[in-house]
Amino acid sequence: MEARSVDEIPEGPEWQYEPKWDGFRCILARDADDIAMHSKSGEDLKRYFPEIAGAALGLKAKRFVLDGEIVVPIEGEFSFGDLLQRIHPAASRVKTLAAKTPALYLVFDLLKEGKKNVAAKPLAQRRPLLEDFDESYLAGNAHLRLSPASRALKEAERWLQSAGGGSDGVIAKRLDLSYQAGNREGMQKIKRYRSADCVIGGFRYTEKMQAGRKVVGSMLLGLYDAEGLLHHVGFSSAIKAKDKPELTDKLEAILAKRSFTGKAPGGPSRWSTKRSSEWTPIKPKYVVEVSYDHFTGGRFRHGTSVLRWRPDKRPAQCTMDQVEQKLAHGLVRDVLGGKPDARRSSNFRSG
């Protein structure tokens, strides 16, 4: 079941609300001694997270299918950077990381239990069954935990406003629908967007020529730390085709040998090619205000969108401290601590 992006939290008695976790979505299934863990794209995740597979095998329940999110807790938050490091080709490295940065599976739906096809039931019935499953089998488990849910709009609004540290918004699900596998009819996602002023420290050309010339495909963004070092923190590629030639002229006019004095864009990795990693430094002269949804590990989690150019701002004013890196909202800590009010949903047992 996938989510449709919307701008506002939907209202009405037909909706259930949940935090939107910033991790790897995963279907976890057990059939006796067999464990399967698959991502939304169908990738096998079991080899990368042996501690979760082992925890599932250790449950008294012998047959079940769960839907949830894999996260890695680091110092009271969920770190996507450390989660990415878990996808490693070497089995020895996977074993080391499983011990050093153990993952957590946050369960938010029950699709099958024993021979019961729970997915065919509406969410209003699935959630209480999932809570019963949690009480019977997951209590005290270090790697498998129930994700919070509520029917209260105010609770959802609080989650959205306090997004950060591993949560990046709110999920709204239709209580009256069965599990909508393969479509977006039963689930919506709402993210909280923020803005920050960033220095343009470089750019990458597009692979395709435009009107017989190379043009800018993405701008590389930077922020200064307390010591005055400029760190690469992300990129923006949302550039209209008609604007690319003029932008290319503007940035090519200030080419430099070096721009980022702190963390710089990295070279090729197992997720990128040499060509996609090539970039051109420019003088840190121009400032843009960008919108972003999540900032973690010293960089923007996803690509950003330019809201406006800021000729009124000096590059030195674009500092790390303007970006919300850690929010003391308590939600992640409650889940990690297994507090009853964070583990149980609101308004279900009361009818």
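Modeller: D22 counts as buried because its relative accessibility is 4%, where buried means under 20% relative accessible area, exposed over 50% and partly exposed in between, with a 1.4 Å probe and protein chains only. The model is predicted, so local features need pLDDT of at least 70 and side-chain atom pairs count only at pLDDT 80 or more, while totals for chains, interfaces and linings use all residues. Residues are numbered from 1 along each chain as its sequence is written, and side-chain values use heavy atoms, with hydrogens and water left out.

D22 lies in the loop between β2 (15–21) and β3 (24–31); strands are DSSP runs of E with at least two residues, numbered from the N terminus. Leaving aside residues up to four places away in sequence, D22 touches E69, V71, F80, G166, S167, D168, H294 and R301, contact being heavy atoms within 4.5 Å.

With R301, the side chain of D22 makes a polar contact to the side chain at 2.9 Å; such a contact is a pair of N or O atoms within 3.5 Å, and within protein one must be able to donate a hydrogen and the other to accept it, residues adjacent in sequence counting only if both atoms are side-chain atoms. The charged end of R301 also sits over the ring of F80, 3.3 Å from its centre, the criterion being NZ of Lys or CZ of Arg within 6 Å of the ring centre and within 35 degrees of the ring normal. F80 in turn forms one aromatic cluster with F24 and F49.

Notes. Helix = DSSP H or I, 4+ residues; strand = E, 2+ residues; numbered from the N terminus. Phe/Tyr/Trp six-rings, centres within 6.5 Å; stacked < 30°, edge-to-face > 60°.
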